[in-house]
There are 2 protein chains.
Amino acid sequence: MVRRLDDRATWLVGRAHLRSHRLLHEAFAEAGARPYHYRVLAALEESGPLSQADLGRLTDLDRSDVTTSLDALGRSGLTVREPDPAHRRRNRVSITEAGRAELLRLDAVLSGVQDRFLGPLSEPERVVFLDLAARLAGDGAPGGPGRSG
Amino acid sequence: MVRRLDDRATWLVGRAHLRSHRLLHEAFAEAGARPYHYRVLAALEESGPLSQADLGRLTDLDRSDVTTSLDALGRSGLTVREPDPAHRRRNRVSITEAGRAELLRLDAVLSGVQDRFLGPLSEPERVVFLDLAARLAGDGAPGGPGRSG
DNA sequence: CCTGATTGTTGGTCCGACCAACATTACATG
DNA sequence: CATGTAATGTTGGTCGGACCAACAATCAGG
């Protein structure tokens, strides 16, 4: 207990995130998955086939991390990379049927995690928290809206 | 924008933490300090001389991370390690005058970060958020309340 | 055509959060 | 007292997440 920390928003958010992250990581590990992979699967399922660059922008992943995630997901048959006929440098990434099934499975896992994470709050409090947290999340970009690099 | 993520508490907390962490890290780096070091200085100033193990428990740092933090802080003359006369295996760590001054300086930096981080919220909203976040932070221990190891 | 951006990949870095092992020392209990 | 168990500080790692730089290939605009 360090008083100087205990009322700092950055500290509290950090500790909350630590707990959230541990719950999430643990649950996903048990399910044989990883958070990055879930992000990718979710984006593909919701937006249809995408280039890796677009995938990165949607999921807030670096291009290089998209690459390695797709390597793993592809190895498990959850996604497919094909060359984009219109842009030969671009890949067209899609989710497979197995990927959709996996996503559903992970959706359930994630929901369980939410419940455990939000356990300390009542229903109305959860609603308030989600709103405030979303506003504090902002766009996260250091250089104002619409990062380009 | 991945809808499946945008209403998940874990995602929101993660993004909020990312923004918080970037602000904090940036500001501290500019001030020539690091978050771990601030934690240590704060604990020492508030609790007086401590063993490294106690320091770790107070700040939620691993013993090994306390060691390396104290190496750096000691090199800068902000803390002092002396052998504890009562327990020869134990070190008695204290903050120096320079350390106190540095802590004050970093307090100001931290306060600035809080303001920027909480910018999107009104004053009353901030109060609510701090309360909810503190409850979600819990004690962070994986094995139930009251970790002992 | 040439320049500048974009794409995917490789191979890193950095920080925070751990963990294991070890020698040393303290402590509880037989 | 002896003996085992716990705690301390240090070293040397691991892992995940979030990056960054550089490169070759390709596209898009002037």
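How many of the 149 residues in chain A are buried, as a percentage? Buried residues make up 45% of chain A, where buried means under 20% relative accessible area, exposed over 50% and partly exposed in between, using a 1.4 Å probe and protein chains only.

Before we go on, a word on conventions. This is a predicted model, in which local features need pLDDT of at least 70, side-chain atom pairs count only at pLDDT 80 or more, and totals for chains, interfaces and linings use all residues. Residues are numbered from 1 along each chain as its sequence is written, chains are lettered from A and ligands numbered from 1 in the order in which they are written, and side-chain values use heavy atoms, with hydrogens and water left out.

**Chain A as a whole**

Chain A has 7 helices and 2 strands; these are DSSP runs numbered from the N terminus, with helices being H or I of at least four residues and strands E of at least two. Starting at the N terminus, the order of elements is α-α-α-α-α-β-β-α-α. The C-alpha trace spans about 60 × 35 × 25 Å along its principal axes. Of the contacts in chain A between residues at least 6 apart in sequence, 48% join residues at least 24 apart; contact means heavy atoms within 4.5 Å.

**Two helices that pack**

Helix 3 (residues 35-47) and helix 4 (residues 52-59) of chain A pack at an angle of about 110°, with axes 10 Å apart. Axes are lines fitted to C-alpha atoms, for helices over the stretch in contact, and angles run from 0 to 180 degrees between N-to-C directions. Helix 3 and helix 4 of chain A are therefore roughly perpendicular to each other, a label for 65 to 115 degrees, while under 35 counts as roughly parallel, over 145 as roughly antiparallel and the rest as oblique. Helix 3 of chain A brings A:Arg39, A:Val40, A:Ala43, A:Leu44 and A:Ser47 to the contact, and helix 4 of chain A brings A:Leu55, A:Leu58 and A:Thr59. By class, this contact has 5 nonpolar, 2 polar and 1 charged residues. Here Ala, Val, Leu, Ile, Met, Phe, Trp, Tyr, Cys and Pro count as nonpolar, Asp, Glu, Lys and Arg as charged, and the others, Gly among them, as polar.

Most residues other than glycine have a negative phi.

| Residue | Phi | Relative accessibility | Location |
|---|---|---|---|
| A:Asp60 | about 65° | 34%, partly exposed | loop between helix 4 and helix 5 (63-75) of chain A |

**Where the chains come together**

B:Gln114, in helix 6 (residues 97-117) of chain B, is buried at 6% relative accessible area. Leaving aside neighbours within four places in sequence, B:Gln114 is in contact with A:Arg8, A:Ala9 and A:Thr10.

Which residues line the largest cavity? The lining consists of A:Val13, A:Ala16, A:Phe129, A:Ala133, B:Val13, B:Ala16, B:Phe129 and B:Ala133. By class, the lining has 8 nonpolar, no polar and no charged residues. Helix 2 (9-30) and helix 7 (123-137) of chain A, with helix 2 (9-30) and helix 7 (123-137) of chain B, each supply at least two lining residues.

Key. On a 1 Å grid over the protein atoms alone, a cavity is a set of points where a 1.4 Å probe fits but cannot get out, and a pocket is an open set with protein on both sides within 12 Å along at least five of seven lines; lining residues have an atom within 4 Å of a point.
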